[in-house]
Amino acid sequence: MATDPYLSVAALTKYIKKKFDADPHLRDVYVKGELSNVKIHTSGHIYFTLKDQKARMPAVMFSAKAKSMKFRPESGMTVLIRGDISVYEASGQYQLYAQSMQPDGIGDYYLAFEQLKEKLSKEGLFNAARKQQLPEFPEKVAVITAQTGAAVRDIITTLRRRYPLARIVLFPTLVQGQGAVQSIVQSIQQANRTDSDVLIVGRGGGSIEDLWAFNEEAVARAIYDSNIPVISAVGHETDTTIADFVADLRAATPTAAAELAVPSRIELLERVMGQRQVMFRLMSNDLEQRRIRLTQLQNSYPMAYPDRLYRPFIERIERATDALQRETVLTARRSSDRLAMLSRQLENRKPSDRIRQAERDLASLGDRLDQRITQVFRQRDQQLKSAIRTLDALSPLKIMDRGYAIPFKEGGVVKSVDQLELGDRLSLSLKDGDIETVIEAINPKDKERD
Amino acid sequence: MAENNMMFNDAMEQLEEIVKLLEQGDVPLEEALTLYQKGMELSKLCHDKLKNAETQLVTMMKDGKEVPAEIEGEGNAQ
């Protein structure tokens with residue numbers, strides 16, 4: 001780090017300038033002095049020196065501020081300046097940068113005005129939002145000003161000319177000098193106890209001292225507290241008072257205040273006539289349009305041929321009637337057909353037939369049973385006869401017919417000679433009787449030949 | 001009509017209201033005709049009031065009484 005103890009001129013000057021700028025006392029100063037070396041540059045900036053017996057300082061007022069000054073500064077004038085102190089680095093000079101300038105003599109007023117203005121502004125008494133709306137057609141205009149003089153005359157003349165419908169109520173008021181503030185405040189308060197629609201508060205032109213009452217706090221507050229809208233009209237166009245800031249509407253002059261307070265009769269007459277014309281035109285147009293619509297309706301198809309309106313309905317009814325009849329006949333026919341069919345089916349399924357069939361079946365079965373039994377009997381009969389014939393043929397009697405006899409011994413039939421012995425008694429049964437014999441010889445047959 | 005007592009303000013407001021209604025154009029015929037008639041009466045009333053009005057000028061006294069005002073130099077004003 002270089003530790004060069006020497007500063008540049010610019011750096012040092014910049015430092016000094018910072019010191020000036022940081023000082024709150026130098027940021028907003030009020031200073032009184034005599035003007036000298038006043039030079040008004042073509043750009044509008046004013047360069048001058050402010051001095052008194054003991055000191056002097058260079059000063060500048062830039063054109064933006066200089067333009068709003070109401071007097072032309074000249075060397076030798078004592079002035080009151082509000083501004084700030086800073087350093088002009090290029091020339092190493094501190095300077096007074098003037099924001100505003102007033103010729104001395106009104107200095108106290110000026111200060112008081114600025115201070116009150118700032119105070120009330122901070123309190124919000126000038127807020128646009130607090131401004132009351134002026135009535136369009138005031139019935140009663142209260143005028144608070146001196147009973148005599150140009151101001152009241154201008155106001156009355158203008159109100160009369162513009163809007164004779166309004167009733168003018170004058171509140172004779174002291175507007176300058178001792179007791180003016182109190183008088184103005186009282187009049188505003190008194191007017192607020194009437195049913196006035198708007199207040200004009202003001203006076204004609206004069207010196208700043210003459211107008212001063214309208215820069216007093218009490219007046220400002222009375223205007224602010226008024227429940228009736230206030231139009232301020234103090235002095236000439238160039239005069240601006242605290243009352244103007246507080247009022248609901250500021251008029252440049254008393255005449256202007258009267259113009260702002262009421263509408264113009266001429267314009268209103270034109271407006272009324274205009275309304276008449278508009279109404280007439282609207283009504284004529286309306287009637288004309290209704291007439292056209294009526295004609296259109298009268299000529300419209302349904303109105304011209306009313307019978308055609310219901311013709312389609314008649315056709316529909318007729319068609320529907322036909323269809324209904326057709327449908328009824330068809331339904332009846334279908335029903336009777338079905339009845340016949342069902343009857344036939346019923347007839348076909350009648351049980352008497354089945355009974356008759358069953359009877360026939362039964363009879364047939366009976367016949368068949370008879371036949372069968374007869375047949376069985378005949379078969380059995382023949383079998384019996386055949387059996388009888390066979391039996392007959394086999395009968396021993398038949399055999400005996402042919403000469404055979406049956407030997408018995410002791411009741412039993414003798415089938416072999418072995419059963420016999422000599423001397424045995426042997427009975428022989430012949431065809432037509434029995435005989436008794438005795439065995440006298442036995443001659444068995446050769447067995448070998450057997 | 002008892003509307004001669006009507007304030008200009010009210011008459012004017014009613015008149016403008018009627019014109020507005022007619023301008024909207026959706027008023028039934030009978031009503032439109034009534035409105036129109038009323039509007040014409042109101043416009044005549046306003047007109048007459050504006051034509052014939054004479055400014056009333058009074059001074060409010062400290063005790064709250066109103067007295068007819070006398071203004072110097074008023075005589076030669078137009």
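User: In this predicted model, over how many bridges do strand 11 and strand 13 of chain A pair?

Analyst: Strand 11 covers residues 406-409 of chain A, and strand 13 covers residues 425-430 of chain A. The two strands run in the antiparallel sense. The number of bridges between strand 11 and strand 13 of chain A is three.

User: Which strands are the edge strands of the open sheet of four strands in chain A?

Analyst: The order of this open sheet in chain A is 12-11-13-14, with antiparallel pairing. An edge strand pairs on one side only. In chain A the edge strands are strand 12 (412-413) and strand 14 (433-438).

User: Is A:Arg402 buried or exposed?

Analyst: A:Arg402 sits in the loop between helix 15 (396-401) and strand 11 of chain A. Exposed means over 50% relative accessible area. A:Arg402 has 63%, so the residue counts as exposed.

User: How far apart in space are A:Arg402 and A:Lys431?

Analyst: In sequence, A:Arg402 and A:Lys431 are 29 residues apart. In space, the separation runs from C-alpha to C-alpha. That distance between A:Arg402 and A:Lys431 is 8.6 Å.

User: What is the strand order of the closed barrel in chain A?

Analyst: The barrel has five strands with mixed pairing. Neighbouring strands of this sheet are turned by 50 degrees against each other on average, direction ignored. The strand order in chain A is 1-2-3-5-4.

User: Which residue is the bridge partner of A:Leu50 in strand 3 of chain A?

Analyst: Strand 2 (residues 46-51) and strand 3 (residues 56-61) of chain A run antiparallel. Six bridges join strand 2 to strand 3 of chain A. For A:Leu50, the bridge partner in strand 3 of chain A is A:Met57.

User: Is A:Thr49 buried or exposed?

Analyst: A:Thr49 lies in strand 2 of chain A. Leaving aside neighbours within four places in sequence, its contacts include A:Glu34, A:Leu35, A:Arg56 and A:Met57. Buried means under 20% relative accessible area. A:Thr49 stands at 13%, so the residue counts as buried.

User: At about what angle does helix 1 of chain A run to strand 4 of chain A?

Analyst: Helix 1 spans residues 9-22 of chain A. Helix 1 lies across strand 4 (78-88) and strand 5 (93-103) of chain A. Its angle to strand 4 of chain A is about 135 degrees.

User: Are helix 6 and helix 8 of chain A roughly parallel or roughly antiparallel?

Analyst: Helix 6 (residues 180-192) and helix 8 (residues 217-225) of chain A have their axes 9 Å apart. Among the residues that meet are A:Val181 and A:Ile184 in helix 6, and A:Ala218 and A:Val219 in helix 8 of chain A. The packing angle is about 5 degrees. Angles under 35 degrees count as roughly parallel, so helix 6 and helix 8 of chain A are roughly parallel.

User: Which residues of helix 10 of chain A are buried?

Analyst: Helix 10 covers residues 254-261 of chain A. What covers its buried residues includes helix 5 (150-162), strand 8 (198-203), strand 9 (230-234) and strand 10 (249-251) of chain A. The buried residues are A:Pro254, A:Ala256, A:Ala257, A:Ala258 and A:Ala261.

User: What is the handedness of the crossing where helix 11 of chain A passes helix 1 of chain B?

Analyst: The axes of helix 11 (residues 265-299) of chain A and helix 1 of chain B come within 10 Å and cross at roughly 30 degrees. That angle makes the two helices roughly parallel. Residues that meet include A:Leu268 and A:Val272 in helix 11 of chain A, and B:Phe8 and B:Met12 in helix 1 of chain B. The crossing is left-handed.

User: Why is the pair of A:Tyr163 and B:Phe8 edge-to-face?

Analyst: Six aromatic pairs are found over all chains. In the pair of A:Tyr163 and B:Phe8, the ring centres are 6.0 Å apart. Planes over 60 degrees apart count as edge-to-face. The planes of A:Tyr163 and B:Phe8 lie at 75 degrees, so the pair is edge-to-face.

How values were computed: Residues are numbered from 1 along each chain as its sequence is written. Chains are lettered from A and ligands numbered from 1 in the order in which they are written. This is a predicted model: local features need pLDDT of at least 70, side-chain atom pairs count only at pLDDT 80 or more; totals for chains, interfaces and linings use all residues. Side-chain values use heavy atoms; hydrogens and water are left out. Buried means under 20% relative accessible area, exposed over 50%, partly exposed in between (1.4 Å probe, protein chains only). Contact means heavy atoms within 4.5 Å. Two strands pair if DSSP finds at least two bridges between them. Axes are lines fitted to C-alpha atoms, for helices over the stretch in contact, and angles run from 0 to 180 degrees between N-to-C directions. Rings of Phe, Tyr and Trp (its six-membered ring) pair if their centres lie within 6.5 Å; planes under 30 degrees apart count as stacked, over 60 as edge-to-face and the rest as tilted. Angles under 35 degrees count as roughly parallel, over 145 as roughly antiparallel, 65 to 115 as roughly perpendicular and the rest as oblique. A crossing is left-handed if the near helix is turned anticlockwise from the far one by less than a right angle, and right-handed if clockwise.
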